[in-house]
Each structure stands twice: as structure tokens, then as C-alpha cells.
Amino acid sequence: MKALAFEPIVPVETTQGLHFDGSERPYYSGPAELLGMHTVTRRVGASTGPSFRVAKGVYWRASAFSSRPIRESFVEVDDQGMLVVTNKRVIFVGHSENMALPIARILSTEPYSDGLMLNPERGRSMTFRTGSQDAWFILERARFGSLDQRVAETPRSTEP
């Protein structure tokens, strides 16, 4: 983990058949799941009111029905595939969806213990489960242009 944060990173070989221009190099390639937030709404309510017998087998019911919506949100795997981070783009090649996002168009990222979330300039945020934080470290280094060089560690305070 420390090597990813501070040492120069060596480009990797991808097996996805992706082609890069002359100055673009892949630094991370691994399996990933694209996660999506979904919401289901159901209505819960009851019917109230009296029922009057008009004739044998015929009833008239003066009733009212009231309900309220219950919204349930959950995270679900939308697609599985390969996540590739280069010095210029983040590429996801999935079974049902492919995307390529230039690093310059990423406003922020958020690390998770088993993946990362990207917040692009336009569109919805994307959450990837990769099994580690390696993709996030490499993406952050790519965003700041420090993939090929050593990053100075923050000196620790020695105050009493």
C-alpha cells in the first residue's frame, strides 16, 4: 500500500484488447463490479368504512382508502467487468456496459475498503467494487500527475 502511495508506479499489461495512443499507459487493470443505487416504492394502507346489506348477497360499502408510500433503497451489482486506470482515463469494460471517462473530467473520488466512487463533471456518480483500494491510489496519483515519480512522504510531527 505504501509503495502505491509514494513510489513510482510501473505500467501494467492489459488483456482486454484495449488500444492506447502513444502517450497513454495503463497503470491498473483488474476485475470490478459496477454498483448502482436502486429504489423501490410500495404503498401501504388500509380501507375503512361500514358495509350495508341491500339485498341477499348484495352489499353496499361506504369506504375510504388511504395509503402512504414506503421507499426502500438498496445497492445492487449492475455489471461485472474489467476496470482499467491509465494516466489519462478510467475505462470500464463490462458485460452490458462500457465507459471511458477522462481523468480531467473527474471532480472527486471517494475510497472504500473494497473499491472506489467517482464523481464526474456530468452524469451520476459511479461506484466500483474492486476488492482493494489499489485502483483508488493509482487514480489519485494519475489525477495529480505523479505516477512516474516518487512522492515525498508527509513528515511526522515530533512535538511532545
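Colleague: Which residue takes a positive phi just after H2?

Modeller: This is a predicted model, and in it the backbone just after helix H2 contains a residue whose phi is positive, at about 70 degrees. The residue with that phi is Gly145.

Colleague: What is the order of the strands in the open sheet?

Modeller: The sheet has seven strands with antiparallel pairing, and its twist averages 30 degrees from one strand to the next. Its edge strands, each of which pairs on one side only, are E6 and strand E7 (106-112). Read across the sheet, the order is E6-E5-E4-E1-E9-E8-E7.

Colleague: Which residue in E6 stands opposite Val93?

Modeller: E5 and E6 pair in the antiparallel sense, and the pairing runs over five bridges. Within E6, the residue that stands opposite Val93 is Asn98.

Colleague: At what angle does H2 run to E7?

Modeller: Helix H2 lies across several strands, namely E1, E4, E5, E7 and E8. Taking the direction of the helix against that of E7, the angle is about 150 degrees.

Colleague: Which element gives the largest share of the largest nonpolar core?

Modeller: This core has 24 residues, and those touching the most other members are Leu83, Leu116, Leu118, Phe128 and Leu139. Among the elements that give two or more residues to the core are strand E1 (26-48), strand E4 (64-86), strand E8 (115-120) and helix H2 (134-143). The largest share is six residues, and the element that gives it is H2.

Colleague: Which residues does Leu139 touch, not counting residues up to four places away in sequence?

Modeller: Leaving out its neighbours up to four places away in sequence, the residues touched by Leu139 are Val85, Val90, Ile103, Ile106, Thr109, Leu116 and Leu118.

Colleague: Is Thr127 buried or exposed?

Modeller: Thr127 lies in strand E9, and beyond residues up to four places away in sequence it touches Glu33, Leu34, Leu35, Tyr112, Leu116 and Met117. The C-alpha atoms of Thr127 and Gly115, 12 residues apart along the chain, are separated by 7.5 Å. The relative accessible area of Thr127 is 17%, so Thr127 is buried.

Key
Residues are numbered from 1 along each chain as its sequence is written. This is a predicted model: local features need pLDDT of at least 70, side-chain atom pairs count only at pLDDT 80 or more; totals for chains, interfaces and linings use all residues. Side-chain values use heavy atoms; hydrogens and water are left out. A nonpolar core is a set of buried Ala, Val, Leu, Ile, Met, Phe, Trp, Tyr and Cys residues joined through side-chain atoms within 4.5 Å. Buried means under 20% relative accessible area, exposed over 50%, partly exposed in between (1.4 Å probe, protein chains only). Helices (H or I, at least four residues) and strands (E, at least two) are DSSP runs, numbered from the N terminus. Contact means heavy atoms within 4.5 Å. Two strands pair if DSSP finds at least two bridges between them. Axes are lines fitted to C-alpha atoms, for helices over the stretch in contact, and angles run from 0 to 180 degrees between N-to-C directions.
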